[in-house]
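Hi everyone, thanks for coming.

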Amino acid sequence: MLLLSSCAGVRFSANAPSSDDHAALLSQQGADAVLWQNTSAEAYWLYRQSYEYASWKLESKLSDIEDEKQMVDSLEWDRRPLAVIVDIDETVLDNSLYQVNAIRQGRTFDQNDWREWTDRATAKASPGAVEFLQEAASDGCEVFYITNRDVREEASTLKNLGDLGFPFADASHLLLMDGSSDKTDRRARVASTHRVLLLVGDQLRDFDERFKDRTANHGRGVVDAMSDSLSEHFILLPNPMYGTWRDAIQGKGTDAEKHARMKAWFESNGY
Ligand SMILES: [Mg+2]
């Protein structure tokens, strides 16, 4: 098998990957999704539309709070500062260029490649994200970024966010992954000091860890059970490139094992 790094730039346009090049096979399977995320006007609008909806939703909650203020005894008034929680990757930052590069090289996700990408601190802002969060900040909401980027990516992430004009791009508003990808504790930490009005993410797990469970009907039952809460507090953005939905099919392990599970899924479904 050829060394992957020796053929960077030609993988995609070269002959189809050999049947034992599982990284390249998996990588090419994701090409349409990456193309959609990186180039489509549909993705562009979907992000803008979602952030416009987030903005409308936030305004409505702020207006409710003003009404509440008039009605509740001042001693009982919840005086915690207001906050919005957002995820980072594919929520406020667009990493589709990293994914394009991975496909070009016939590679699947690799932590070192990823670090190289985030060290550049050049990801673009997702459409509508800066405007929404600046508006939230000017309306008196603090912004917390809860991300599964590694703690070693702190400086580059803050630089990337700051350069793009995101508000609260500082260490006290950035909660990175410290061991677990489960964001429950980090959300609770923010909620212990702040009144969280809205959460935004590209994964349902950015709202609640219960969405990790995809065993029954790919997790749709959990969505049905929590739909009121989702509608009230969460804005979901599109990400066809990767996520819990795909991990549930591919599982953990080597690229060969993941590819075999993908193949098995397609072979056992359809009509
Ligand atoms: Mg994300």
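**The sheet and its surroundings**

Let's start with the open sheet: 5 strands in the order 5-4-1-6-7, paired in parallel. Strand 5 (174-177) and strand 7 are the edge strands, each with a single partner strand, so one side of each has no neighbour in the sheet. From one strand to the next, the twist averages 20°, taking axes as lines fitted to C-alpha atoms, for helices over the stretch in contact, with angles from 0 to 180 degrees between N-to-C directions.

Some housekeeping before I go on. This is a predicted model, where local features need pLDDT of at least 70 and side-chain atom pairs count only at pLDDT 80 or more, while totals for chains, interfaces and linings use all residues. Residue numbers run from 1 along each chain as its sequence is written. Helices (H or I, at least four residues) and strands (E, at least two) are DSSP runs numbered from the N terminus, and two strands pair if DSSP finds at least two bridges between them.

Now, strand 6, residues 195-201.

On one side, strand 6 pairs with strand 1 (residues 82-86) in the parallel sense over 5 bridges, and A83 has V196 as its bridge partner. Strand 6 also pairs with strand 7 (residues 234-236), again parallel, over 3 bridges. There, L199 is the bridge partner of F234, and V200 stands opposite I235.

Next, two loop residues. E90, in the loop between strand 1 and strand 2 (93-94), has a positive phi near 65°. E90 counts as buried, because it has 25 C-beta neighbours inside 10 Å. H218 sits in the loop between strand 6 and helix 9 (220-225), with phi near 55°. H218 is partly exposed, with 13 other C-beta atoms within 10 Å. For context, most residues other than glycine have a negative phi.

Last, a helix pair. The axes of helix 3 (residues 41-71) and helix 6 (residues 129-138) come within 9 Å and cross at roughly 10°.

Note on methods. Buried ≥ 20, exposed ≤ 12 C-beta atoms within 10 Å, placed from the backbone.
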